[in-house]
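Visitor: I'd like to go through this one with you. Can we start with the structure itself?
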Amino acid sequence: MSIFSDNIVFLRGQKNLSQHKLAEELILTRSRYVSYEYGAAEPPIEVLIRISKYFNISIDLLVTVDIRKFPLEEMVNLPGNKILLPVVVDLEGNNYIEIVPQKASMGYLKGYSDPDFIESLQKMQLPFLKNGKYRAFLADGDSMPPFADQSIIIGEYVETLEDLKSNKEYIFVTKEGITYKTFLKRTKKSIMVSADNSLYEPYNIALEDIAEIWRYVRGILPQDYKPYTLPDETNLKHLVEEAKRSISNLESSILKLNH
């Protein structure tokens, strides 16, 4: 067996996938996929790209490095393990800022490293954002609170997990979608994030589920946006607790009546 064969067997095991299920995910027949695991055949470049994107590991590492020797959670930090980040520029070499609408978010999760897909997105330029790679994400409805519907949230590309700063806001592109959250801390296998609304508990995102991270730098509100005042959070929490107590008292009363 080759290093590549050993690697895909190992990666499949990490995800607890059967050969049949992984073959389906990669749009392959089971027999064709099995031939790669057994080293009986070598995949063409288009299949290698598909496997690389699926596991979020570069082709170079897949075919040259025995990744069983490295902790999987550190794989994104290994030298050379970078997923292609397409950069679109104008005739003068200035970077465009691509705009990803929420309705295209599922397509973006599959095509974020596809130059043709990135080229198809709407673009804009902001003269004060020159150093670094930026991308914009369009809020739709309540998809990225606290930003209003049709707000544009601009982020700067984060290359490594070490670049994350506690209590700073980021746009996380994950298998579940695109979300705006505050980074709290990192563990061996996940990162902890929180929403702006303190009523919601912080939660973890598995490292293997993260496709991209963008550091929040600017927010552009829609033209007809009118700020509104949220209820004081302390009072809101009090109201929620009161509601819980009322429901509990009602349940107790019903139980007494039934007895």
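Visitor: What percentage of the residues of the chain count as buried?
Guide: This is a predicted model, in which local features need pLDDT of at least 70, side-chain atom pairs count only at pLDDT 80 or more, and totals for chains, interfaces and linings use all residues. Residues are numbered from 1 along each chain as its sequence is written, and side-chain values use heavy atoms, with hydrogens and water left out. Of the 259 residues, 39% count as buried. Buried means under 20% relative accessible area, exposed means over 50%, and partly exposed lies in between (1.4 Å probe, protein chains only).

Visitor: And how many helices and strands does the chain have?
Guide: The chain has 8 helices and 9 strands. These are DSSP runs numbered from the N terminus: H or I with at least four residues for helices, E with at least two for strands.

Visitor: What order do the strands have in the sheet?
Guide: The 9 strands form an open sheet in the order E2-E1-E3-E4-E9-E5-E6-E7-E8, with mixed pairing. Two strands pair if DSSP finds at least two bridges between them. E2 and E8 (203-206) are at the edges with a single partner strand each, so one side of each has no neighbour in the sheet.

Visitor: Is E1 enclosed or open, and how many of its residues are buried?
Guide: 5 of the 5 residues of E1 (residues 97-101) are buried, so the strand is largely enclosed by the rest of the structure. Ile97, Ile99 and Pro101 are on one side, with Glu98 and Val100 on the other, and both faces are covered. In a regular strand, side chains alternate between the two faces of the sheet.

Visitor: Which strands does E1 pair with?
Guide: E1 runs antiparallel to E2 (residues 122-124), joined by 3 bridges, and there Ile97 stands opposite Met124. With E3 (residues 134-138) the pairing is parallel, over 4 bridges. Ile99 has Ala136 as its bridge partner in E3.

Visitor: What about E3 and E4, how many bridges there?
Guide: E3 and E4 (residues 152-157) are antiparallel and joined by 5 bridges. Tyr134 stands opposite Glu156 in E4.

Visitor: Switching to helices. Which residues of H4 are buried?
Guide: In H4 (residues 45-55), the buried ones are Val47, Leu48, Ile51, Ser52 and Phe55. They cover an arc of only 140 degrees around the axis, which puts them on the same side of H4. That arc is taken from the directions from the helix axis to the C-beta atoms.

Visitor: What covers them?
Guide: The cover includes helices H1 (3-14), H2 (19-25), H3 (30-37) and H5 (59-64).

Visitor: Last topic, aromatics. How many pairs?
Guide: The count comes to 8 aromatic pairs. Rings of Phe, Tyr and Trp (its six-membered ring) pair if their centres lie within 6.5 Å; planes under 30 degrees apart count as stacked, over 60 as edge-to-face and the rest as tilted. Tyr180 and Tyr216 form an edge-to-face pair, 5.5 Å centre to centre with 85 degrees between the planes. Tyr180 is in E6 (residues 177-186) and Tyr216 in E9 (residues 210-220), 36 residues apart.

Visitor: How accessible are Tyr180 and Tyr216?
Guide: Tyr180 is buried, at 6% relative accessible area, whereas Tyr216 is partly exposed, at 24%.

Definitions and conventions: Contact means heavy atoms within 4.5 Å.
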